[in-house]
Amino acid sequence: MNSTIDTHIPDEMGFYGEFGGAFIPELLHPNVEELKTVYSNLKNDSSFKSDFLKLLSDYVGRPTPLYRSEKLSIEFGCEVYLKREDLNHTGAHKINNALGQILLAKKMGKVEIIAETGAGQHGVATATACALMGLRCKVFMGEIDIERQAPNVARMQFLGAEVIPAVSGSRTLKDATNEAIRYWINNPNSYYLIGSVVGPHPYPQIVADFQSIISEEIKKQLFEATGNMNPTKVIACVGGGSNAAGAFYHFYDQPEVELIAVEAAGLGLGSGKSAATSILGKPGVLHGSKTILMQNEFGQVTEPYSISAGLDYPGIGPLHAHSITTGRTIGVSVTDNEALEAAKSLSKNEGIIPALESAHALAALSKITLNSTDVVVVNLSGRGDKDMATYINHFTV
Ligand SMILES: *Cc1c(COP(=O)(O)O)cnc(C)c1O
């Protein structure tokens, strides 16, 4: 298949091939334009960059290790490395982006940050960044999710954020997003901090840029370990796709590196309870950009399902929609049970309890063809503390 060099860089209007753009209400145009201008000025500003990198090293704990797993290497008959995003402050890759955007918001003179969250991981990262910078933080969250994710709600509140329940529709993530957008229209001076490579241009590009530190480090670390900067395969899970975009970023233009995006198949692709968007979805507009999304025959967004809250999203970022449909990235899907088994196995064999999302990426090792010459990097996007109740329920009853 054809892999274009610039598959990961959008055009002036924010399109990655046919996907992307900014499909937003007229009232939000000034906000998005302002963000575009400020970001394009700061993107290559050396003091902005060094502020960001300093936070990543001193506050987040980067670089995260690239760990060669002896057990997985033996099991799969090739070299298997884990990129340890689980070791970041707050437990996942999401803090990279939250801090980058907080610095942007500060430069823009904003005093209030808004965000939406499903499982609460992005909400916690945003509340953390706001506490650090002394900014007011409002997190919109579906009423059902507030009940399901009580520990993260408590964390956000303890960090000083206000958690606002979304009470419309199915009272989950997409309703929280609608509430956040409504609030933003009425309070255009607030800064909307989006948590994945989704939303209107320039958000997908901004989030991918901030997360690209992951593949920047992989290249350096792999070179130190093997004398070669490029693995043969990089595997990452995709909810909206920010950890995958970060792990793939500096390999998009290296056609010899195979990029494998893992989606949640839930109870199975044909079960009606799945979140494997790129396989089951069709083109449409979601949260301000054209992408692939799960919808019924009337174009209504359907409720996705995955045991992992971070992958339970009806769309994927436009960058991935483009990259998968052009064949540059290969889509693989993994069921709840396959992910649970992979989580158990890594915990028992390596002493690392992965997030359920990351366990999907690990499980993909069993679903692809591997050769003895393969050097595989699996992006371990987060740690499993938040998923302990699910693991215990599943494995002890
Ligand atoms: C939120 C989350 C994800 C999914 O989000 P992406 O934007 O697709 O990366 C994956 N892993 C963990 C640990 C998460 O918290």
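**Before you start**

The model is predicted, so local features need pLDDT of at least 70 and side-chain atom pairs count only at pLDDT 80 or more, while totals for chains, interfaces and linings use all residues. Residues are numbered from 1 along each chain as its sequence is written, and side-chain values use heavy atoms, with hydrogens and water left out.

**Stop 1: the ligand**

Now look at the polar contacts (pairs of N or O atoms within 3.5 Å). A polar side-chain atom of S196 sits 2.6 Å from an oxygen atom of the ligand, and one of K94 sits 2.7 Å from a ligand oxygen. From G241, a backbone N or O atom lies 2.7 Å from an oxygen atom of the ligand. The ligand taken alone exposes 380 Å², and the protein buries 96% of that; accessible areas come from the Shrake-Rupley method with a 1.4 Å probe.

**Stop 2: an open pocket**

Next, select Y39, K43, K49, D209 and S212. These lie nearest the centre of the second largest pocket, which is lined by 15 residues. Its volume is about 370 Å³. On a 1 Å grid over the protein atoms alone, a pocket is an open set of points with protein on both sides within 12 Å along at least five of seven lines, a cavity is a set where a 1.4 Å probe fits but cannot get out, and lining residues have an atom within 4 Å of a point. Grid points are joined across faces, edges and corners, and a volume is the space filled by probe spheres set on the points.

Colour helix 2 (46-60), helix 9 (203-211) and helix 10 (213-226), the elements that give two or more residues to this pocket's lining. Helix 2 gives the most, with four residues. Helices (H or I, at least four residues) and strands (E, at least two) are DSSP runs, numbered from the N terminus. The pocket lining has eight nonpolar, three polar and four charged residues, and draws at least three residues from each of domain 1 and domain 2.

**Stop 3**

For the largest, with a volume of about 50 Å³, select N31, E34, L35, M108, K110, W184, S190, Y191, Y192 and Y203. Helix 1 gives the most to this lining, with three residues. By class, the lining has six nonpolar, two polar and two charged residues.

The second largest cavity holds about 40 Å³ of space. Residues lining this cavity include V198, L286, H287, Y313 and P318. Five of its lining residues are nonpolar, six are polar and none is charged.

**Stop 3: the backbone**

P63 is in the loop between helix 2 and strand 3 (66-68), and the peptide bond from R62 to P63 is cis, with omega near 0 degrees. Between strand 8 and helix 9, find P202 in the loop; the bond from H201 to P202 is cis, with omega near 10 degrees.

Key. Ala, Val, Leu, Ile, Met, Phe, Trp, Tyr, Cys and Pro count as nonpolar, Asp, Glu, Lys and Arg as charged, and the others, Gly among them, as polar. A polar contact is a pair of N or O atoms within 3.5 Å; within protein, one must be able to donate a hydrogen and the other to accept it, and residues adjacent in sequence count only if both atoms are side-chain atoms. Domain bounds come from an automatic or database domain assignment.
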